[in-house]
Amino acid sequence: MKILIFLKDNVLNLNDFTPISGAAEKVTEWISNGAEVEFITGVHKFMEVKKIDEALKVLGVSNPVIHAKPENEKFHRFVAELEPNVLIENKQNSGEEKTVSSKLDPELKIHGIVMESGAEIELLPGDPSELKHYGKAEEAAGAKDDTY
């Protein structure tokens, strides 16, 4: 299973490259449970990407795979090219009104998890296979029609 996580405010605070609470533990748990964890960012500058790489290694992620979105590319198109099974983002990651997950073609079968804030990452299931179902029960309950 391939998990793609937006770095900004989900794993790292990109202002000072400090970790988000619980992110290191959750990412290493997913990796130890067999998931392929990769990261996505809008950062392009080589030195900043290098700092991100170093910060991830400090978190315990050896040889992190970091995908820097090309400047003229839209996030949802870039994510589609990367073909993750699960995309983890927060409501502010795309820099637009809509989340990246909401813009993805449903036929791609990429399960999007949208968090309010990055600290919520520690609340996600530790078993990567459970992530594909995370949030679906709430969505179904919210979509239920209670008219008689």
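A residue is called buried when its relative accessible area is under 20%, exposed when it is over 50%, and partly exposed in between (1.4 Å probe, protein chains only). The structure is a predicted model, in which local features need pLDDT of at least 70, side-chain atom pairs count only at pLDDT 80 or more, and totals for chains, interfaces and linings use all residues. Residues are numbered from 1 along each chain as its sequence is written, and side-chain values use heavy atoms, with hydrogens and water left out. The protein chain has six helices and seven strands; helices (H or I, at least four residues) and strands (E, at least two) are DSSP runs, numbered from the N terminus.

**Overall architecture**

- From the N terminus on, the order of elements in the protein chain is β-β-β-α-β-α-β-α-β-α-β-α-α.
- Of the 148 residues in the protein chain, 42% are buried.
- Among contacts (heavy atoms within 4.5 Å) with a separation of 6 or more, 70% join residues 24 or more positions apart.
- The protein chain exposes about 8500 Å², of which carbon and sulfur atoms supply 48%; accessible areas come from the Shrake-Rupley method with a 1.4 Å probe, and for residues only the protein chains shown count as cover.

**Helix α3**

- Helix α3 spans residues 75–82, and its buried residues are F75, H76, F78, V79 and L82.
- They lie on the same side of α3, because they cover an arc of only 160 degrees around the axis, the arc being that of the directions from the helix axis to the C-beta atoms.
- An α-helix has 3.6 residues a turn, so residues three or four places apart point the same way.
- The partners against which the buried residues of α3 pack are β1 (2–6), β4 (36–41), β5 (65–68), β6 (86–90) and α4 (100–103).
- E83 follows α3 and has a positive phi, near 55 degrees.

- In helix α1 (residues 23–32), the buried residues are A23, A24, K26, V27 and W30.
- Their cover includes β1, β4, β6 and α5.
- G34, with a positive phi near 95 degrees, follows α1.
- E120 belongs to the loop between β7 (111–115) and α5 (128–131) and is partly exposed, at a relative accessible area of 24%.
- Although E120 and A23 are 97 residues apart along the chain, their C-alpha atoms are separated by 8.8 Å.

**Pocket and cavity**

- On a 1 Å grid over the protein atoms alone, a cavity is a set of points where a 1.4 Å probe fits but cannot get out, and a pocket is an open set with protein on both sides within 12 Å along at least five of seven lines; lining residues have an atom within 4 Å of a point.
- The largest pocket holds about 200 Å³ of space, a volume being the space filled by probe spheres set on the points, which are joined across faces, edges and corners.
- Its lining comprises 17 residues, with K8, L14, T41, G42 and V43 nearest the centre.
- One cavity of 30 Å³ or more is found in the whole structure, and the largest cavity has a volume of about 40 Å³.
- The largest cavity is lined by K74, F75, H76, S94, E96, V100 and K103, and α3 and α4 each supply at least two residues of that lining.

**Positive phi in loops**

- N63, in the loop between α2 (46–58) and β5, has a positive phi near 50 degrees and is exposed, with a relative accessible area of 65%.
- K109, in the loop between α4 and β7, has a positive phi near 55 degrees and is exposed at 66% relative accessible area.
- Most residues other than glycine have a negative phi.
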